[in-house]
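Notes follow in the order I looked things up.

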Amino acid sequence: MSDRAVLSVDFELFSQTPAYRNAAGETTKTGVGLAGGEFLRETLAAHDATATCFVVSAVAEAFPDAVAALADTGFEIASHTHTHRHLSELSAADCREEITRSKAVLERVTDEPVSGFRAPSFEFGPNQFAALSDAGYRYDSSVVPSRAIPGWYGGEFGLHRPAPATVVDPAAPTGLAELPVSVMPGLRLPLTGTWIRFFGPRYTVLGMRLLARRGITPILYVHPWELVDLPAVEGVPKRVYYRTGVWMRRAVERILDQPFEFTTAGAVVADAVATDPAAETASGARESPEGR
Ligand SMILES: [Zn+2]
């Protein structure tokens, strides 16, 4: 039996990324990134693979057919908030609204239950776990156990396997799980996102093998806008454009060619909860300051 892996998709449009929102210029093109969803549907089907899409529900409202098509393909639909604003910048009430509204919108559009959530840019909002539990989510996937990258993310967590959310925050409600995104052992940078475009798919594949050897299911993530040719917009940093489009589509195909069974985040969480509900509780998820 081959090892499992998860290719998760943070399904937001180019116009919803912080880099675009902070830029001086703008594009007249709408729906930049939707074609990336079409590529993923076709390519994953050709590889007999499935995926989890963490969808910004404003996209589902604006383009319901595109999101319903992802669900119809068999992808798990999870939430990536309603507007893709950074939850860390919102009040507890607004954070709760993003979490609750997105679930309702996505369930209406796809006619499927939504049980997973990922915060934009992996930035936790106030009382996020309580809001997720109250809204009926079963798992969160907003932890990235990366080294600290100044001005970006990381340095907060040392969790590498699915665990109860109480391992991340002792005040979290019971019954909620955390599924951390994977980082390269030792180097402690994510295996995908910007990093696959910087380091190449061989870096990602090496990390997947190292994790599988340790019994850890690699959790990867890509964005649909990385898979399309982006319009030039004044003020969007070069790193956002770097190797997007055809290069990144080939990189995704390289990953899918690996001898892994690509499944959903929800399936990995369900198995982890079933086999060991208290997994990793003793090892501690928060990093000691020395470990940063
Ligand atoms: Zn995002």
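My entries start with the ground rules and then move to the metal.

Ground rules: I'm working from a predicted model, where local features need pLDDT of at least 70, side-chain atom pairs count only at pLDDT 80 or more, and totals for chains, interfaces and linings use all residues. Residues are numbered from 1 along each chain as its sequence is written, and side-chain values use heavy atoms, with hydrogens and water left out.

Metal: I found the zinc ion held by Glu12 (OE), His80 (NE2) and His84 (NE2) at 2.0 to 2.1 Å. Donors here are N, O and S atoms within 2.8 Å of the metal (3.2 Å for Na, K and Ca), and water is not among the atoms, so the site may look incomplete. His80 and His84 are both buried (under 20% relative accessible area; exposed is over 50%, partly exposed in between; 1.4 Å probe, protein chains only).

Strands: I took helices (H or I, at least four residues) and strands (E, at least two) as DSSP runs, numbered from the N terminus. Strand 3 (residues 76-79) has Glu76 and Ala78 buried on one side, Ile77 and Ser79 on the other. Strand 2 (residues 52-55) runs parallel to strand 3, joined by four bridges; pairing takes at least two DSSP bridges.

Salt bridges: I counted eight, each a side-chain nitrogen of Lys or Arg within 4 Å of a carboxyl oxygen of Asp or Glu. One of them joins Arg118 and Asp10 at 2.7 Å, N to O. Arg118 is buried at 0% relative accessibility, and Asp10 is buried at 3%.
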